[in-house]
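User: I would like to learn how to read a structural model of this kind, one feature at a time. Please give the general idea in each case and then show how it applies here.

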Amino acid sequence: MEMRKDTPIDIEKDKNAVLPDDVNRELYDFKDEEREEDFYKVDEGLTPEIIEEISREKKDPQWMREFRLKSLEIYKEIEVPDWGPPIDGLDMDRIVTYVRHKSDMKNDWNEVPDDIKNAFEKLGIPQAEREALAGVGAQYDSELVYHNVKENVIADGVIYTDMESALTGEYADMVREHFMKLVPPTDHKFAALHGAVWSGGSFVYVPKGVKVDIPLQSYFRLNAKGAGQFEHTLIIVDDEADLHFIEGCSAPKYNVANLHAGCVELFVGKNAHLRYSTIENWSKNMYNLNTKRALVEEGGTVEWISGSFGSHESYLYPTSVLKGDGSHAEFTGVTFAGKGQNLDTGAKMIHLGRRTSSFIDTKSICKSGGISTYRSSVVIGRNAEGAKASVNCGSLMLDSISRSDTVPAIEMRTDKADVGHEAKIGRISDEAVFYLMSRGITEAEARAMIVSGFASPVSKELPLEYAAEMNNLIKLEMEGG
Amino acid sequence: MSDILLSINNLSASVDGEMILNDINLNIKKGETHVLMGPNGAGKSTLGNVLMGNPVYKVESGSISFEGEELIGESADKRANRGLFMSFQNPLEVPGLSLESFIRNAIRQNTGKAIRVLKFNKELSETMELLGMDPAYAERDLNVGFSGGEKKKAEILQLLMLNPKLAILDETDSGLDVDAVKNVSKGIEEYQKREDGALLIITHSTKILESLNVDYTHVIVKGRIVKTGDASLVGEINENGFEAYL
């Protein structure tokens with residue numbers, strides 16, 4: 001097949017795009033030297049032929065091949081959303097939807113090809129695994145390159161594998177039964193796209209009553225220029241079980257558009273508990289159109305911890321469907337929009353069961369002309385008697401050229417529920433900066449401390465090393481521009 | 001070498017175009033305790049803020065030298081690095097930043113050295129005990145939800161931990177109950193005991209001064225220092241108020 005050296009999509013074509021500042025993002029922005037011959041790619045764009053090629057390449061079962069082709073049809077029928085940040089800069093005919101290193105997935109770090117290994121070493125992934133994780137999956141472009149789980153976790157019957165293996169493995173039926181049932185391809189245009197071209201991601205199954213006491217982690221790195229990443233994460237936490245799953249993402253900066261349209265589906269059983277933490281740090285040419293959804297059974301709890309720092313534009317609203325009576329969901333998120341970024345983030349809570357409860361606590365920060373929009377929706381269903389929901393959103397604008405908007409929606413179909421909402425928009429007080437400076441702290445450091453403090457509801461919930469990474473990202477953003 | 005720590009010469013300053021300080025002259029030597037008294041609106045707090053480098057106030061003329069070097073034009077953090085400190089009348093609240101982490105960061109930036117954690121923790125808990133502070137406050141967000149008394153104790157805690165060369169205490173005793181005044185005074189006495197530590201205590205009452213050694217007292221009215229005396233001036237004002245100087 002023909003190899004195109006570059007994908008000439010220019011984000012400058014997007015009239016609303018502003019080229020990102022040269023903040024020092026070296027840690028994430030390094031471009032791994034790669035040789036073309038080491039990689040397999042499909043052509044740019046979306047045609048049934050390309051979808052069939054991906055399916056063949058991935059050795060899909062028949063049903064999945066059909067699922068992909070059907071999703072492509074749905075994709076062609078649905079319009080691009082018209083209510084969020086403009087995505088004119090994204091030309092799907094120019095996105096390479098599948099890029100794979102010509103080496104198989106390894107479960108021994110030493111066998112991972114050097115170029116990829118170096119990229120993950122720089123991000124500290126293997127070190128984190130050694131120190132604090134029960135299992136790690138690392139995805140590079142479209143496929144997982146490394147996957148490993150600690151033995152005691154395997155012994156408990158926990159399954160943590162790449163999606164491809166899961167499709168044909170022991171739990172193939174379970175995967176088929178759940179795959180894109182919570183987020184069907186008809187949900188929106190990019191869910192359909194995901195159904196057609198998804199690749200990589202993780203499958204986790206935690207058996208009944210099993211409590212995994214240290215987190216599992218997946219790290220997604222999109223290195224190929226002008227490419228898309230469409231990983232699928234499917235997590236099933238059975239009744240009475242407990243899991244903390246961490247997702248990290250990054251990509252180098254190119255002057256062409258990259259696309260991330262992943263999908264996360266979480267199934268939380270009766271009285272089960274799942275915490276899903278994300279630190280998203282895509283480069284600032286990325287269109288992040290991601291869909292995350294959880295279904296919670298009776299007495300179960302889902303907790304979302306979310307830090308959104310990167311991307312050019314984001315649409316991200318993790319949704320919790322509180323189906324079972326007494327189920328509970330929490331969303332704690334921070335979004336930081338710097339120069340050239342338009343981040344539309346929030347959460348959605350759907351109360352179906354009785355005495356369900358949800359809690360949203362978000363902080364958005366904008367700086368150097370960045371736009372941060374908080375968008376949320378709380379729906380109290382007809383039968384959700386005794387439901388309680390609380391929404392708390394705060395914004396911090398670091399200058400007068402940035403923009404912060406709040407779009408909370410509440411829909412109540414029963415009056416036997418209790419819903420509260422509080423929104424605050426503020427600026428850093430000069431007096432507070434002077435106060436910190438009077439103790440010998442530089443102005444830049446004082447501002448960074450105030451912003452980190454503002455974002456602390458999220459960092460406090462993260463494992464130590466991730467909280468440190470988050471504060472480091474805030475510091476980088478504060479220094480830039 | 002002269003042992004003059006701070007030398008204020010012909011200092012005039014304004015805020016929003018209005019002159020607040022007029023032609024202030026004041027010298028403070030190492031180890032001395034000066035008290036600045038005056039009625040409300042006399043310019044006491046303004047002087048503290050100007051010395052510390054609050055950008056809200058504009059210096060119109062004059063000079064402020066600290067250990068022989070000019071401070072005017074220098075930012076507050078640089079002044080603090082030199083050994084200047086001000087306890088705030090209304091300490092600001094910073095959500096998400098713990099008192100302990102704030103002090104640790106401040107020490108690190110002032111000394112440019114890494115902190116020895118065990119030594120720091122020991123010193124912090126001993127100092128909190130001296131001030132009658134609940135140790136739980138170390139982990140609480142800086143001043144958030146602190147009572148007036150706890151805020152002032154936290155200021156004195158910072159004073160003792162940072163150990164500056166000159167501390168300006170701006171109305172540290174205002175709004176405190178008897179016990180809190182006692183604890184705060186104990187902290188200030190502790191600072192006085194240390195060699196060379198100088199104080200400029202800004203106050204309009206005299207409660208806090210009862211247990212402290214005072215070397216000089218200055219009375220400021222309408223932005224001018226109208227009288228300078230020794231410790232006995234405190235007692236005189238306590239009895240007669242500022243009437244005589246208005």
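User: Which residues have the most contacts inside the largest nonpolar core, and how many residues does that core have?

Analyst: The model is a predicted one, and what follows should be read accordingly. In soluble globular proteins, nonpolar side chains tend to be buried together. Here the largest nonpolar core has 204 residues, and V204(A), V237(A) and V268(A) have the most contacts inside it. Domain 1 (11-316) and domain 2 (430-481) of chain A each supply at least three residues to this core. To take one case, V237(A) touches V206(A), L243(A), F267(A), V268(A), G269(A), A272(A) and L274(A), when residues up to four places away in sequence are not counted.

User: What is the overall make-up of chain A in terms of helices and strands, and what share of its residues is buried?

Analyst: Chain A contains 13 helices and 25 strands. Of its 481 residues, 59% are buried. Among contacts in chain A with a separation of 6 or more, 84% join residues 24 or more positions apart.

User: Where is C393(A) found, and which residues does it touch?

Analyst: C393(A) is part of strand β23 (residues 388-397) of chain A. With 24 other C-beta atoms within 10 Å, C393(A) is buried. Setting aside residues up to four places away in sequence, C393(A) touches T362(A), Y374(A), T406(A), P408(A) and A423(A). P408(A) is 15 residues from C393(A) along the chain, and their C-alpha atoms are separated by 9.1 Å.

User: How many residues of helix α9 of chain A are buried, and which elements do they pack against?

Analyst: Helix α9 (residues 189-197) of chain A is mostly covered, with 9 of its 9 residues buried. Among them are K189(A), F190(A), H194(A) and V197(A). The buried residues of α9(A) pack against α2 (48-57), α3 (62-77), β12 (263-268), β14 (286-289) and β15 of chain A. β15 is also the strand in which A294(A) is found.

User: Which residues are in contact with I225(B)?

Analyst: Apart from neighbours within four places in sequence, I225(B) is in contact with I24(B), L26(B), H218(B), V219(B) and I220(B). I225(B) belongs to strand β12 (residues 224-229) of chain B. This residue is buried, with 21 C-beta neighbours inside 10 Å.

User: At what angle do helices α5 and α6 of chain B cross?

Analyst: The axes of α5 (residues 148-162) and α6 (residues 178-193) of chain B come within 10 Å and cross at roughly 10°. An angle under 35 degrees counts as roughly parallel, and α5(B) and α6(B) are therefore roughly parallel to each other. Residues including I156(B) and L160(B) of α5(B) and V184(B) and I188(B) of α6(B) make the contact. By class, the contact has 7 nonpolar, 3 polar and 3 charged residues.

User: How many residues of chain B are in contact with chain A, and which elements of chain B give two or more of them?

Analyst: The size of an interface is often given as the accessible area lost when the parts come together. In terms of residues, 22 of chain B are in contact with 18 of chain A. On the chain B side, α2 (76-82), β7 (94-98), α3 (99-111) and α5 each give two or more residues. That side has 13 nonpolar, 8 polar and 1 charged residues.

Methods: Residues are numbered from 1 along each chain as its sequence is written. Chains are lettered from A and ligands numbered from 1 in the order in which they are written. This is a predicted model: local features need pLDDT of at least 70, side-chain atom pairs count only at pLDDT 80 or more; totals for chains, interfaces and linings use all residues. Helices (H or I, at least four residues) and strands (E, at least two) are DSSP runs, numbered from the N terminus. A residue is buried if 20 or more other C-beta atoms lie within 10 Å of its own, exposed if 12 or fewer, and partly exposed in between; C-beta atoms are placed from the backbone. Two residues are in contact if their C-beta atoms, placed from the backbone, lie within 7 Å. Axes are lines fitted to C-alpha atoms, for helices over the stretch in contact, and angles run from 0 to 180 degrees between N-to-C directions. Angles under 35 degrees count as roughly parallel, over 145 as roughly antiparallel, 65 to 115 as roughly perpendicular and the rest as oblique. Ala, Val, Leu, Ile, Met, Phe, Trp, Tyr, Cys and Pro count as nonpolar, Asp, Glu, Lys and Arg as charged, and the others, Gly among them, as polar. A nonpolar core is a set of buried Ala, Val, Leu, Ile, Met, Phe, Trp, Tyr and Cys residues joined through C-beta atoms within 7 Å. Domain bounds come from an automatic or database domain assignment.
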